[in-house]
Amino acid sequence: MSTHHDPSTDLTTQRGEDGTLPERFEDPGHPEHHDRQGDHDPKANKRAERQVVVLFTISILGTIGAIVAYALVPPGETVGSMRLSNLLLGLGLFLGLAGIGVAAVHWAKSLMNDHEKSEERHAIRSEDSVRVKAVEALREGAKDSAIGRRGVLKGAMVTSLALFPLSIAVPLVGNIGGDWDVSRSKRTIWKRGTRLVLDPTARPIKAADVTIGSAFHVIPEGLEELDHPLNEKAKAVVLMVRMDPRDLRSEQGEGWSYDGIVAFSKICTHVGCPVALYEQQTHHILCPCHQSTFDAADGAKVVFGPAKRPLPQLPITVDDEGYLVAQDGFSEPIGPSFWERLT
Amino acid sequence: MSTVDSRPAPAAAPPSRVERAAAGTADYLDQRTGIGGAVKEFARKIFPDHWSFLLGEIALYSFVVLLISGTFLTMFFVPSMTEVHYHGPWAAMDGVQMSEAFASTLRLSFEVRGGLLMRQIHHWAALIFMAAIVTHMMRVFFTGAFRKPRELNWLVGFTLMILGLLAGFSGYSLPDDVLSGNGLRIADGVARAIPILGSYISFALFGGEFPGTDLIPRLFTVHILLIPALILALIGLHLLMVVLHKHTQYPGSGRSDKNVVGYPLFPIYVAKAGGFFFVVFAVIALMAATMTINPVWNYGPFDPSIVGAGAQPDWYMLFLEGGLRLMPGQTEFVIGQYTLSLNILVPGVVIPGILFTAIALWPFIEAFATGDKREHHVLDRPRNVPFRTAFGVAFLTAFFVLILAGSNDLIATHFHLSINDITWTFRILLFVGPAIAFWITKRICLSLQRKDRELVLHGHETGRIVRFASGEYIEVHKPLDAHERWLRVQHEANRPLEIEPAEDSRGVRRKGFRVDALRQRLSRVFYEDRVEPVTPAELAAAHSHGAHDALPAAHDEHAGELTGASGGTRHLAADVENTEGTDSTDGPKHP
Amino acid sequence: MKALAARRHHRFAPVVLLLLALLLTGAVYAIAQPASADAAQAAASESDIAAGQKLFQANCATCHGPNAEGREAVEAGAGGPSLIGVGAAAVDFQVGTGRMPAQMNGAQIMAKPAQFDDEQIAQLAAYVASLGAGPSIPTDEQLDTTNADVALGGALFRTNCAMCHGVTGAGGALSQGKWAPALDETSPAHLYEAMLTGPQSMPVFNDANITPDEKRDIIAYLETQREGSPGGLTLGSVGPVSEGLWAWVIGIGLLIGASVWIGAKSS
């Protein structure tokens, strides 16, 4: 097998008996094996063996180190002690593992027999005779069951097999969506007179306290008392900003703002990230997730990015005590578009 | 089995005590399991050696690391969305209201000794798992290892990649932090954009309205039971098929579709592959020891009102994020009363659909174009299949542009650019980039093939200059030895298919012509441009031609050098790939 | 002493005592206050205002107008808002972080080394504060984070600040080439003043929105971020993108290196 081929460019060896050249070159066969240094030099061999032993020893020391670190360096209460604990345990584990891994590979590479071997491949497909027998077996089985002749039986079997998963699937589908009242996503808890309060401290806000250039992150009053505050918060959060009333070019409804104070749903009309980023000078509201940009001075119209619709505006006013309240709920579903949004 | 090994077997020594014990155990096992047959079959099974064959092993071993570290984490993680108040060593969260899932993540990070290390190992291993799967797929793709008989195993691998994505996404969301919560919110937004069923799909996922209280327990079951079980089963199938098919090998002298050349499983791969598991685990442990990953204690417990700048998913989901960022919003339409959000559906469903379908079906598309029914066990050198290689690079370019688009805010801050300009650039680049990448890659492949022809025909440049009596200067070229040459001539260039005419001799239009015509068109697209390997006749012609203007003795080695030299400096391989013919001989021109 | 003792039971005695106590406390407090507060206190003096006005005329009037009334941009680089009523806090922030005087009008005015020393900044602040009532520079007491509620600070930071500055204050992108700067080197006073005055793109967070105590909590939260991460290197605290990058560069890089070593023939 390991015939050594003359690496000359002489082509005559490849000529056929009639002197013509073949269509393609021939495979010259396996190249010659080159021995390693350690195959002849016992010293080199011994050195490699020692290296492997040292590597395994490093692994043992690493593991011991990790156990010692575990016992002596608790994570404690400061960032520094937590980091030290993590680092020492991790380095111990690293050494414990790397020692074994490098040792094993080095052993294989430097000490184990490195002569390449060749094995024949056989076609993946079965021999024809085997295939014939396989088909025969199936035929016999089919004949024994007589499935071909019993049509009604076949039909009944297929139907019953097709139907039985229903008794699992129906209860699953029935319950997996909770009460399946998908219309809830069109409603928020904002209604006429709901006070605007600060997120997360729930302090009510006086209109007089909202400086020009401010951005207030707002939730409806009474959110915490609900059964599922997060579900409602996910729909009800509002970003409220105040600008010079002269800068306000348009709003979504007549009189929905209050002396330059405008409030918009904070849930993006693209895919629902909180569009919380307000640029005071340009009056732009930017979504940090996908960069949809809305102009708060112009009815929150989209000026850039993947969203199509403006952020729904919350009509606001002040109550008798001067606190900001909603004139009404949102006039359209908030958040991302969905098929039946407008129905 | 033939062997290249010519060493004599060592003389048999009398059995030691250990050997007798081993023999006893083996006998016990074999009498009860018949394992002897399997050992005989597999112990000395040959696997070829190449570094790129270890990429799949990285994926396998990081999965094992995921199982080990994941089991550790399940002991301390509480998959519940019940609201609690955290009290513990992490002062910045003291008294904060959060779900039990988040609180238990803090507890296992800061109070369980080694818990933080295991969490970081788990997350780093997940990133490396996906990265290794992708690099492994790239290796398989570019070397054509997916060809018959391995198409089904490609599909198994593809499914494993999809399952890996799902495993990653479901696990990433478990701590119930702000960052992953916003990821779920985006997933909810994409689900709701699906026509008619959208709202119902969203409700089915979350057990009602977003975020609800069902999601974390559901994801937990999916993440620790369903997906790992499927992955494990498919890994078993994947490896079973590798053993069944025997591993592919790179081209080289002595290697063919009929054999497999390499080292025996025992002991070489037991040591090498076994050792590599520890190396993979060690690298992951080193990363977990020194680099923070997913610091949920900074992100805070999920609150639908909060978002942080730099809101991105893990890298393998970033291409989806990029698509969502690039798609202009004008593509949302209202039809009657109903809203069709193509601005979400295209990047969220259609683009990944196209990308994944292209990956899954590639082996079948290529087999259709080549019409090749043979088994292939010797890998392609990527340059020898320019269309496939160029397609792969174009595909990766699109993927990479989407990843960059998903990181556009970080690119903006780190390179002081306008995020709007970046977005527009990527919108254009998503279409232009792959086209340019395709063209450049194909050119490079064809040039490399021509370089190979050049080398085979004219040998290596030696830098030795010889002056002839006539005053002519010539650089001496050293011819390739047979092994070097074989590497460059062993492949067959695929040619466009010839098909039978539309009508038979009696003028009847034959069945299946349309499919054949499509196949022919596709194979022309694939293989119109190509460079054929050098044939013995061409080499002989190059030599005899060289002999003609230098020295007469073509069989003389020295003369061979000189003749190769004279040809090499004067005759470049003709540019064949745009000539009309399908034949591409480029014999040397005579001066 | 007798007289004093005699009047000890006078009906005004408690009032007088209270006044005395207040005076004493004030005096002690004034002495105990560190020098910078003294400077701020002294900034109100007439001479400082005059010195500030001179500095203003020389360095700021080109854009902000000779009386800080603001000026429309008529040509590139020569326009600025009115500074009447922006308060000392705005001046201390803008000049103290080197943003003012601005080099040029761009998408965003950059922070750079401060052009004036502390005294000059105090003088400028005194002058601008004298033009109209506005937020003043926070006192050391307001910036004292010893008893701060770090957890509340974190929660407020996530709600009000993280969308621009990132959850740990590493900074982030705004539209059209603007950005929210990293906060890891900003001084507590500048953090406080930025919240109070809303420089450039940043909205104003007045004391009704975020109370002085809450501002202190936020500053305390940001200070804890400077201790780094318990998990090791922070990788820039910019989230999963840098983690993915390092997974490829370090993780896959090392492992491919190891693969090449394993696959290579030993010599």
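Reader: Which helix gives the most to the lining of the second largest cavity?

Author: In this predicted model, that helix is H7(B), which contributes 4 residues to the lining of the second largest cavity. The space in this cavity comes to about 140 Å³, and among its 17 lining residues the closest to the centre are Ser185(A), Arg185(B), Asp188(B), Arg192(B) and Phe210(B). At least two lining residues each come from helix H7 (229-236) of chain A and from helices H7 (178-192) and H8 (198-206) of chain B.

Reader: How many residues of that lining are nonpolar, polar and charged?

Author: The lining of the second largest cavity divides into 6 nonpolar, 6 polar and 5 charged residues. For the largest cavity, with a volume of about 350 Å³, the division is 21 nonpolar, 1 polar and no charged.

Reader: Which residues lie nearest the centre of the largest cavity?

Author: They are Val134(B), Met137(B), Ile359(B), Phe395(B) and Leu396(B), out of 22 residues that line the largest cavity. Helix H5(B) supplies the largest share of this lining, 6 residues, while H5 (115-142), H6 (151-173), H13 (342-370) and H14 (386-406) of chain B each supply at least two.

Reader: Turning to the sheet in chain A, in what order do its strands stand?

Author: The order is S6-S7-S8-S9, an open sheet of 4 strands with antiparallel pairing. Strands S6 (277-279) and S9 (301-304) of chain A are at the edges with a single partner strand each, so one side of each has no neighbour in the sheet. Neighbouring strands of this sheet are turned against each other by 35 degrees on average, direction ignored. S6(A) pairs with S7 (residues 284-286) of chain A over 3 bridges, and the bridge partner of Tyr278(A) in S7(A) is Ile285(A).

Technical notes:
Residues numbered from 1 in each chain as written. Chains lettered and ligands numbered in written order. Predicted model: local features only at pLDDT ≥ 70, side-chain atom pairs only at ≥ 80, totals over all residues. Heavy atoms only, no water. Pairing = 2+ DSSP bridges. Axes fitted to C-alpha atoms, helices over the stretch in contact; angles between N-to-C directions. 1 Å grid on protein atoms, 1.4 Å probe; cavity = no way out; pocket = protein on both sides within 12 Å on 5 of 7 lines; lining within 4 Å. Points joined across faces, edges and corners; volume = space filled by probe spheres on them. Nonpolar A, V, L, I, M, F, W, Y, C, P; charged D, E, K, R; others polar.
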